[in-house]
Amino acid sequence: DLKLNMTINCKKRIKGTYFPPGDKSISHRILILTGQAVGESQISNLLEGEDVLNTLKVMKMLGANIKKKDGKYIVFGLPPGALFEPTKSLDFGNSGTGIRLLSGIISSNNIKAKLIGDKSLSARPMRRVTDHLKKIGAIIKLRKDSFPPMSIQGVGDAVPFKYDILIPSAQIKSAIMLSALNTKGLVEIKEYKSTRDHTENMLKAMGYNIRVKEDLTHRYIKMKNDKDLKNIKYNVPGDPSSAAFFITAACLKPGSKLVIKNMLYNKTRIGFIKTLKKMGAEIQVINKRKVNFEILADLKIDQKKFLKPTILEANDVPLQVDEIPILSIAASFAGGKSVFKGLKELTVKESNRLELVHQNLKNMGVKSEVKGFDLHIYGNYELKKGGAKIIHHHDHRIVMSFYIANLICIKNNVIKDKSSVKTSYPSFFKDTGKYFH
């Protein structure tokens, strides 16, 4: 661990050609969907973080046959409606995506299951998903009517519904879409804010009967289960939320040069790139292409000047909600005050991220204020005093953001117990060792 702690300090810059790990959102979803497709599917570049591996274990317990061979995952799925009843509790560890998405699929199968998670997951709200799933006829019980453990008695003859989704959440939408796989008739979803659309894209790539329309205010999804889900060979693109730590690091320090290869460039996932560009980041997007209905790209960063402060409006937050912690580091090293508005959703993540970002910035010597749900950061180009004991409540994104913050601190910050990083980015510390010189 000593050697790891020495890899990033204020004298370093980032250089090289970087392949981000497989996308986390896509890894969860492709395991679930290939697990519902009859025949052999192949997945390469699957993210082997704890969250995804928990989804993989749960899919096996529900009857999918999944094996690893030559670095690829081979999946033989079951048709919708044919899930096995699990013999023990399904443990999702830290994964909000895993538990919420799979609650959708279980709800429309005639099986009983208990879904559990770790301490942090057991404090995350589930009603936003389960209230929708109860409509189809599933019987769902939650601790204190809100939190995991969750027991579900699914239903074999789910009622098709029209859903209006008011909270912008891809997890709610995907849970409903997954329940639709075993629902006879037309399921319609109306979404009021565009959220990540990987489930839709994957269903299209697997030949399912799904239609998606979008106008300025809504997205409309129609699904009918009159076509099989076809098996697929799927290469998981690089995760922009993981790459965000390296991309932001490269934009922080003039003199950095980084090429990022094979990254997911889905418009619902790259809000942070727009924000960095507005702050004066020198990011070039090259080689954009479409594979399996997802846009991929390579990026080139050649940073010559310091960043400028920015104001991020509340309606831009949903598309970069996971990147706010690392963007706050960028704002600290920009000349002037930045404001990130409307961060309410950050208070119900793996931790209260808003509070932790604010506290840790202050402790490392950055002036920061929270007003309502707005975060005000007073940045400048001076190195921060650093040496802060980082309070992270085992939240992987807080750990990684404040580790990267060592680039702009005179004394390195102290992070006790970095194990939470394994949930989303197991090779993070090895990668920082590779690209920071």
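**Strands, a buried helix and overall form**

Author: In this predicted model, four strands form an open sheet of mixed pairing, in the order E5-E6-E8-E7. Strand E5 (90–91) and strand E7 (139–143) are the edge strands.

Reader: What makes E5 and E7 the edge strands?

Author: Each of E5 and E7 pairs on one side only.

Reader: How do you know that E6 and E8 pair?

Author: Pairing requires at least two bridges between two strands. Strand E6 (residues 112–116) and strand E8 (residues 147–153) share four bridges, in the antiparallel sense, and therefore count as paired. Within this pair, Lys112 stands opposite Gln153 in E8. Helix H5 (residues 127–134) packs on the sheet, where it touches E7 and E8. The direction of H5 makes about 160° with that of E7.

Reader: Which strands pair with E16?

Author: Strand E14 (residues 257–264) is joined to strand E16 (residues 294–302) by six bridges, and the two run antiparallel. In this pair Leu264 stands opposite Leu296. Strand E15 (residues 283–291) also pairs with E16 in the antiparallel sense, over seven bridges; here Ile283 has Ile301 as its bridge partner. The hairpin of E15 and E16 has two residues between the strands, and Asn292 takes a positive phi near 50°.

Reader: Why is helix H4 called mostly covered?

Author: A residue is buried when its relative accessible area is under 20%. Twelve of the twelve residues of H4 (residues 96–107) are buried, so the description follows from that cut-off. Among them are Arg100, Leu101, Leu102 and Ile105.

Reader: What is the span of H4, and what is expected?

Author: From its first C-alpha to its last, H4 reaches 17 Å, close to the 16 Å expected at 1.5 Å a residue for its twelve residues.

Reader: What caps the N-terminal end of H4?

Author: Ser95 is the cap, with a side-chain oxygen 2.9 Å from the backbone nitrogen of Gly98. The limit for a polar contact is 3.5 Å, so this pair lies within it.

Reader: How do you know that the radius of gyration of the chain agrees with that of a compact globule?

Author: A compact globule of 437 residues would have a radius near 22 Å, and the chain has 21 Å; the two therefore agree. The C-alpha trace spans about 65 × 45 × 45 Å along its principal axes, and 57% of the 437 residues count as buried. The secondary structure of the chain comes to 13 helices and 22 strands. Of the contacts with a separation of 6 or more, 75% involve residues 24 or more positions apart.

Conventions: Residues numbered from 1 in each chain as written. Predicted model: local features only at pLDDT ≥ 70, side-chain atom pairs only at ≥ 80, totals over all residues. Heavy atoms only, no water. Contact = heavy atoms within 4.5 Å. Axes fitted to C-alpha atoms, helices over the stretch in contact; angles between N-to-C directions. Expected span 1.5 Å × (residues − 1). Buried < 20%, exposed > 50% of the residue type's maximum accessible area, 1.4 Å probe, protein only. Polar contact = N/O pair within 3.5 Å; in protein donor to acceptor, adjacent residues only side chain to side chain. Rg over C-alpha atoms; globule rule 2.2 N^0.38 Å.
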